[in-house]
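The points move from selected loop residues to the strands and then to the whole chain.

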Amino acid sequence: QVQLVESGGGLVQAGGSLRLSCAASGRTFSSYVMGWFRQAPGKEREFVASIRWNDGSTYYADSVKGRFTISRDNAKNTVYLQMNSLRPEDTAVYYCAARALVARQYSNWGQGTQVTVSS
């Protein structure tokens, strides 16, 4: 059974940085895509970034390009989201998710971690 556990959220001032981690377990993820999503109060969940586990190719939402970096550590089965130049509008609950390469939707989700950026 796939399990995703996020950590690393917290309170930071605008312009600051945070690194989120997503520890994945329960299967081999070489044929998976790992993603980060976020949901702010009163808003729909939105895509942030994704990475293909096998070749490391990445994709970002326009709102975070140049500020956020997604990466993975194969040995630790962990995906990271390095967030720099944080803005108050980045405040949200951040979720890690996984889907098979051939799947169109993410099938596994973590419990989420809160990120709050103060102005």
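**Note on the predicted model**

1. Serine 85 is partly exposed, with a relative accessible area of 40%; here buried means under 20% relative accessible area, exposed over 50% and partly exposed in between, with a 1.4 Å probe and protein chains only. Serine 85 sits in the loop between E8 and E9, and its phi is near 50°, a positive value in a residue other than glycine. Most residues other than glycine have a negative phi. Strands, labelled E, are DSSP runs of at least two residues, and helices are H or I runs of at least four, both numbered from the N terminus.

2. On the basis of the note: this is a predicted model, in which local features need pLDDT of at least 70 and side-chain atom pairs count only at pLDDT 80 or more, while totals for chains, interfaces and linings use all residues. Residues are numbered from 1 along each chain as its sequence is written, and side-chain values use heavy atoms, with hydrogens and water left out.

3. Asparagine 84 belongs to the loop between strand E8 (78–83) and E9. Its relative accessibility of 30% makes asparagine 84 partly exposed. The side chain of asparagine 84 makes a polar contact with the side chain of glutamine 82 at 2.9 Å; a polar contact is a pair of N or O atoms within 3.5 Å, where within protein one must be able to donate a hydrogen and the other to accept it, and residues adjacent in sequence count only if both atoms are side-chain atoms. Apart from neighbours within four places in sequence, asparagine 84 is in contact with Gly16, Ser17, Arg67 and Phe68, contact meaning heavy atoms within 4.5 Å. Between asparagine 84 and alanine 49 there are 35 residues in sequence and 14 Å in space, C-alpha to C-alpha.

4. The loop between E7 and E8 holds asparagine 77. Asparagine 77 also has a positive phi, of about 50°, although it is not a glycine. With 22% relative accessibility, asparagine 77 counts as partly exposed.

5. Is threonine 78 buried or exposed? Threonine 78, found in strand E8, is buried, with a relative accessible area of 9%. A polar atom of its side chain lies 2.9 Å from the backbone oxygen of lysine 76. Not counting residues up to four places away in sequence, threonine 78 touches Ser21, Cys22, Ala23, Trp53, Ser71, Arg72 and Asp73.

6. Four strands form an open antiparallel sheet in the order E1-E3-E8-E7; two strands are taken to pair if DSSP finds at least two bridges between them. Strand E1 (3–7) and strand E7 (68–73) are the edge strands, each pairing on one side only. Neighbouring strands of this sheet are turned by 15° against each other on average, direction ignored, with axes given by lines fitted to C-alpha atoms, for helices over the stretch in contact, and angles running from 0 to 180 degrees between N-to-C directions. E7 and E8 pair in the antiparallel sense over 6 bridges, and phenylalanine 68 has methionine 83 in E8 as its bridge partner.

7. Strand E4 (residues 32–39) is largely enclosed by the rest of the structure, because 7 of its 8 residues are buried. E4 pairs with strand E9 (residues 92–100) over 8 bridges in the antiparallel sense, and tryptophan 36 stands opposite cysteine 96 in E9. E4 is also joined to strand E5 (residues 46–52), again antiparallel, by 6 bridges; glycine 35 has serine 50 in E5 as its bridge partner. The hairpin of E4 and E5 has 6 residues between the strands, and there glycine 42 takes a positive phi near 75°.

8. Overall, the protein has 0 helices and 11 strands. Its radius of gyration is 13 Å, close to the 14 Å of the globule rule for 119 residues, so the protein is as compact as a globular protein of that length; the radius is taken over C-alpha atoms, and the rule is 2.2 Å times the number of residues to the power 0.38. The C-alpha trace spans about 40 × 25 × 25 Å along its principal axes.

9. Of the 119 residues, 43% count as buried. The protein exposes about 6,400 Å², with carbon and sulfur atoms supplying 44% of it; accessible areas come from the Shrake-Rupley method with a 1.4 Å probe, and for residues only the protein chains shown count as cover. Among contacts with a separation of 6 or more, residues 24 or more positions apart account for 54%.
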